[in-house]
Amino acid sequence: LREEDRNSIQLPLASEEQSTSDEEAKENELLMKQQQIKLEQNTRNILELQDKLTKEEQKRISMNEKCDEMTVELSLVVNKHQQEITKYQDKSDKNQVTLSNMERQSHDQ
């Protein structure tokens, strides 16, 4: 074959390769756009989840603080009641001693 014939044979092949390359480039571009959309959706989802988690964490912290406050209040009430119980037990003990003394005196007479 002459050189011209060889070149004319290769030209259609080169244009076919160019066409395939263009199609692949378009497909790749489409895939990249789809991936970009998915990435943006995932990013939005992550941000929404982070926001929800932050709000839940704030609720948890708030509830823990309330629980701590209530525990302190309950502890104060329990201590106060325990003091009152002790006070009444002491009174009861004194009254029992007084009663015993009175019974002994009455018995002695």
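Is K55 buried, exposed or partly exposed, and what is its relative accessible area? K55 is partly exposed, with a relative accessible area of 47%, where buried stands for under 20%, exposed for over 50% and partly exposed for values in between (1.4 Å probe, protein chains only).

The structure is a predicted model, in which local features need pLDDT of at least 70 and side-chain atom pairs count only at pLDDT 80 or more, while totals for chains, interfaces and linings use all residues. Residues are numbered from 1 along each chain as its sequence is written, and side-chain values use heavy atoms, with hydrogens and water left out.

The chain contains 1 helix and 0 strands; helices (H or I, at least four residues) and strands (E, at least two) are DSSP runs numbered from the N terminus. Helix α1 covers residues 3-108. Of the 109 residues of the chain, 0% count as buried.

Side chains of opposite charge can pair when their charged atoms come close. A salt bridge is assigned when a side-chain nitrogen of Lys or Arg lies within 4 Å of a carboxyl oxygen of Asp or Glu. The count under this rule is 4 salt bridges. One of them links K55 to D51, with the closest N and O atoms 3.4 Å apart. Both residues belong to helix α1, where K55 and D51 are 4 residues apart, about one turn of the helix. D51 is also partly exposed, at 39% relative accessibility.

A salt bridge also joins the side chains of E29 and K33, at 3.6 Å from N to O. E29 and K33 are separated by about one helical turn, because they are 4 residues apart in helix α1. E29 has 44% relative accessibility and counts as partly exposed.

For K59 and E56, the closest N and O atoms of the salt bridge are 3.6 Å apart. K59 and E56 are 3 residues apart in helix α1, so about one helical turn separates them. E56 is partly exposed, its relative accessible area being 46%.

D22, E23, E24 and E27 form a negative surface patch. Patches consist of residues with over 30% relative accessible area and no salt bridge, like charges being joined within 9 Å and nonpolar side chains (Val, Leu, Ile, Met, Phe, Trp, Tyr) within 5 Å. Asp and Glu count as negative and Lys and Arg as positive, with His and the chain ends not counted.

Conventions
Accessible areas come from the Shrake-Rupley method with a 1.4 Å probe; for residues, only the protein chains shown count as cover. The place of a charge is taken as NZ of Lys, CZ of Arg, CG of Asp or CD of Glu.
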